[in-house]
Amino acid sequence: MHPMVKPALRRGWRDLNTVQFGLAPAHALTLGPVDTATGSFLDLLDGTRGLPLLREEGRRMDLPDGHVDQLVRRLARAGLLDDARGGGAEGTALREKKDVMDRLRPDLASLSLTTSEPGEAIEHLAARRRLRVQVRGAGRVGAVVASLLSGAGVGEVDVRDGGVVEPGDVAPGGLPAEAVGERRDESARRSVRRAAPGRPPRRSARSPAGTDVPGYSLVVLAPRDDVSVHAPAPSETESLIASGTPHLHAGVVEATGVVGPLVLPGETACAGCLHRSRTDRDPAWPRLVAQWHSGTRRAVSACDLTLATTVAGLAAAHALAFLDGTLPSSAGARWEVSVPALQWHARPVWAHPACPCGAAEKGNEEHTFSEDAESRATMAEQRHSKELRRTADAARLSGTWRAHV
């Protein structure tokens, strides 16, 4: 191990004996009391020295025997320490790709703040390169989502859509102006390749017979049709539910952005649950959806560039959080934002007892919205205990506490 105080956290001294790591309240921690020698020793935790050499440096600085190891353990338990050579063979291989790491270094720094174990951040970054994601829809939202995921290091991002690129599809980070007239899916795939840092490893998996879901870690549904954004058809996700493929809905409808729900088949509510719940509340709902689908399609949808980009960014962030092992707040909820107020709010999507997806068996329909959020937190804790242990461990450490900034 080559210990390194996480460089993403700025350091400052609150007084002569108390050091604060980090600016933002979400990740800031303070450490104290810290004597002058220990404070100077912190500068040596930069990833260039292994523990044996650090112990020698500690002896030169007249630090007590065992002090270096105790400090390293303390910082590691608080989630403040990384391992400059961690991540195993995949981490080592990724670090050797200098051009790729130069692109992904800000992403690695961000991951270091959301992981607790030394070397865990580079493990996540390397794991992204083995993942396969499909984006269905290559409009102003879908094409940008695909490019963002590719740029963040996801190894394979496939895009599906029909038709040709129209001028209204063009968006920074998505389909370029020169692509007008080309096939949407082919143009979007080129944008994905341009966004990718280096050449991710190719996957040879093929679709199982009779399916169109070849082992994707996640499918993002970003239809260009605003009716499909507002009222996703359950039939569109039947194969995803049947194969157990997680999928995330996102898009823009009449100047309103939507991200969610993230569907974990059999665990969280799906499009079928949403449709049935709406029908229970409003018996006219199926009639309205049928009219919207059969009516004359609008030549231009109300999907301004900044809103579409905002939705794409949040959708990609929720997707990456899930791919990295965290359960985002879009599981069991739709986040919505409308112009001009631009205030995000969450609408819960309850599991419906009549839906064949089976999520209702988890008891989601019995929870209040706040209880549902607690349920999602519990699921996240069970799945990712190491990540959530960071706060608890930090609180228990003598002399280590959350910064109130």
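Predicted model: local features only at pLDDT ≥ 70, side-chain atom pairs only at ≥ 80, totals over all residues.
**View 1. Salt bridge between E57 and R60 in helix α2.** The closest N and O atoms of E57 and R60 are 3.4 Å apart. Both residues belong to helix α2 (residues 51–60), where a spacing of three residues places them about one turn of the helix apart. R60 has a relative accessible area of 55% and is exposed.

**View 2. Salt bridge between D102 and K98 in helix α5.** Here the closest N and O atoms are 2.9 Å apart. D102 and K98 are separated by about one helical turn, because they lie four residues apart in helix α5 (residues 98–114). K98 is exposed, at 57% relative accessibility, and D102 is partly exposed, at 42%.

**View 3. Salt bridge between R184 and E166.** The side chains of R184 and E166 meet with an N to O distance of 3.8 Å. This pair links distant parts of the chain, 18 residues apart: R184 is in helix α8 (residues 184–195), and E166 is in the loop between β7 (156–160) and α8. R184 counts as buried because its relative accessibility is 3%, under the 20% cut-off. E166, at 45% relative accessibility, counts as partly exposed.

**View 4. Salt-bridge network of D158, R183, D185, E186 and R189.**

Technical notes
Residues numbered from 1 in each chain as written. Heavy atoms only, no water. Salt bridge = Lys/Arg side-chain N within 4 Å of Asp/Glu carboxyl O. Helix = DSSP H or I, 4+ residues; strand = E, 2+ residues; numbered from the N terminus. Buried < 20%, exposed > 50% of the residue type's maximum accessible area, 1.4 Å probe, protein only.
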